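I opened this structure to look up its strands, its cores and its aromatic rings. My entries follow in the order I made them.

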Amino acid sequence: MANGGVIGPPNTVTPATTTPVGENVTSITATGTFTIQCAPLGGCRPGSILVVAGGGGNGGDRPGGGGGGGARLLGCQTFGPAAIPVTIGGGGNGSDGSETVFANPANPITVVGGGKAGGTNSAGNPGGSGGGGGGRLPGAAATPGGTGTACQGNPGGAGTAYPPSAYGGGGGGAGGANSGANGGTGISATPLFGSAPQPYYLANVPTNGNTACGTFAGGAAGGGCGPANAATCAGAGGGGDGFISNTPSPGNSGVTNSGGGGGGRYGAPTASGQGGSGIVLVKEDATNIPVPAVAPGIWPMTQVYENVKSGDWTN
């Protein structure tokens, strides 16, 4: 058919529309990349994110509790269609925890690993949350907890002096400071990721602070010597419990992918707790992805002329 000088079928335009996509939560527990659910459609997704670093480890005798990994809980994020590199921080093993990095070009986020706990007569290390200071023997100087990182965690607690007991202060948590030898509470993901239970929240472990409630990066409990056996408790968020005892007792490690700190021991050859590794949770909000108009046929030259003249030409 003649179309103003062009021979061929007239064009049929499929108008612009949108494709609805539902909410989606991804739990990232190992280093790799993250790609949004609807990347083949192009465009960006709004959403929320939780980024947690590895928890601080423990070492030495009469130690404080390892600090919880630094944590950020953020809404109003934008995730593009390109793959985003993610580095998950490891928990400390007699050392500070390692940082977790979510390298989103729109808003890159790095959180600091939890601070290692101090051993006998030693201060705790700074970190996302600070490690607790170690227990003090007679005549030793004060053993403060390590400082926390602003907007990521809290300081660890100071150790106590013998007599009557020499035990470490609790590690700081992402959501709160220690209480004596007990660890600080972690950060709750529930304001942005929903009330527990959720499949991406971690199962509780009896020797650690609660995690099934949706809390991460709890401070560990300190350990040491005392006249009676007494468990010390980690804060909610996966930190390890400790023990104050007159016999050797081990500390408990942080829950894997919780960012919880490692718990304090008393006496060789028992083991000190290691920090739990970090995690990233990404929530993509439900949204509508724009789909542009499609014009697969041939435009009549007269139609091209009229559309260009009116400023309504579709490229």
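**Entry 1: β5 and its sheet.** I began with β5 and β8. They pair in the antiparallel sense, over three bridges. I note here that the model is predicted.

Next I asked which strands make up the open sheet and in what order. There are four, in the order β5-β8-β9-β10, and the pairing is antiparallel. The edge strands are β5 (32-34) and β10, as each pairs on one side only.

**Entry 2: a sheet with β17.** I then turned to another open sheet of four strands. Its order is β4-β17-β6-β7, with antiparallel pairing. Here β4 (24-28) and β7 are the edge strands, each pairing on one side only. The twist averages 15 degrees from one strand to the next.

I went through the partners of β17. How many bridges join β6 to β17? I found six, and these two strands run antiparallel. Within this pairing, I49 stands opposite V282. G47 stands opposite E284, also in β17. On the β4 side, five bridges pair β4 with β17 in the antiparallel sense. There T26 has V282 as its bridge partner.

Is β17 mostly covered or mostly open? I noted it as mostly covered, with six of its six residues buried. I sorted the residues by direction. I279, L281 and K283 point one way, while V280, V282 and E284 point the other way. All of these are buried. As background I wrote down that side chains in a regular strand alternate between the two faces of the sheet.

**Entry 3: the cores.** Which residues touch the most other members of the largest nonpolar core? My list reads F34, I49, F102, V280 and V282, out of 18 residues in that core. I then looked up which elements give two or more residues to this core. They are β6 (45-52), β7 (71-79), β8 (84-87), β10 (109-111) and β17 (279-284).

I stayed with F34 and looked up its contacts. Leaving out residues up to four places away in sequence, F34 touches T26, I28, A82, A83, I84, V86, F102, V282 and E284. There is also a second, separate core of 15 residues. Among its members are A189, Y201, L202 and F216.

**Entry 4: aromatic rings.** I searched the whole structure and noted six aromatic pairs. One of them is F34 with F79, an edge-to-face pair at 6.1 Å centre to centre, with 80 degrees between the planes. Why does this pair tie together parts that are apart in sequence? F34 lies in strand β5 and F79 in strand β7, so the pair links parts 45 residues apart in sequence. I checked burial for both. F34 is buried, with a relative accessible area of 3%. F79 is buried too, with a relative accessible area of 0%.

Y200 and Y201 form an aromatic pair that is edge-to-face. Their centres are 5.2 Å apart, and the angle between the planes is 85 degrees. Both Y200 and Y201 are buried.

Key:
Residues are numbered from 1 along each chain as its sequence is written. This is a predicted model: local features need pLDDT of at least 70, side-chain atom pairs count only at pLDDT 80 or more; totals for chains, interfaces and linings use all residues. Side-chain values use heavy atoms; hydrogens and water are left out. A nonpolar core is a set of buried Ala, Val, Leu, Ile, Met, Phe, Trp, Tyr and Cys residues joined through side-chain atoms within 4.5 Å. Buried means under 20% relative accessible area, exposed over 50%, partly exposed in between (1.4 Å probe, protein chains only). Contact means heavy atoms within 4.5 Å. Two strands pair if DSSP finds at least two bridges between them. Axes are lines fitted to C-alpha atoms, for helices over the stretch in contact, and angles run from 0 to 180 degrees between N-to-C directions. Rings of Phe, Tyr and Trp (its six-membered ring) pair if their centres lie within 6.5 Å; planes under 30 degrees apart count as stacked, over 60 as edge-to-face and the rest as tilted.
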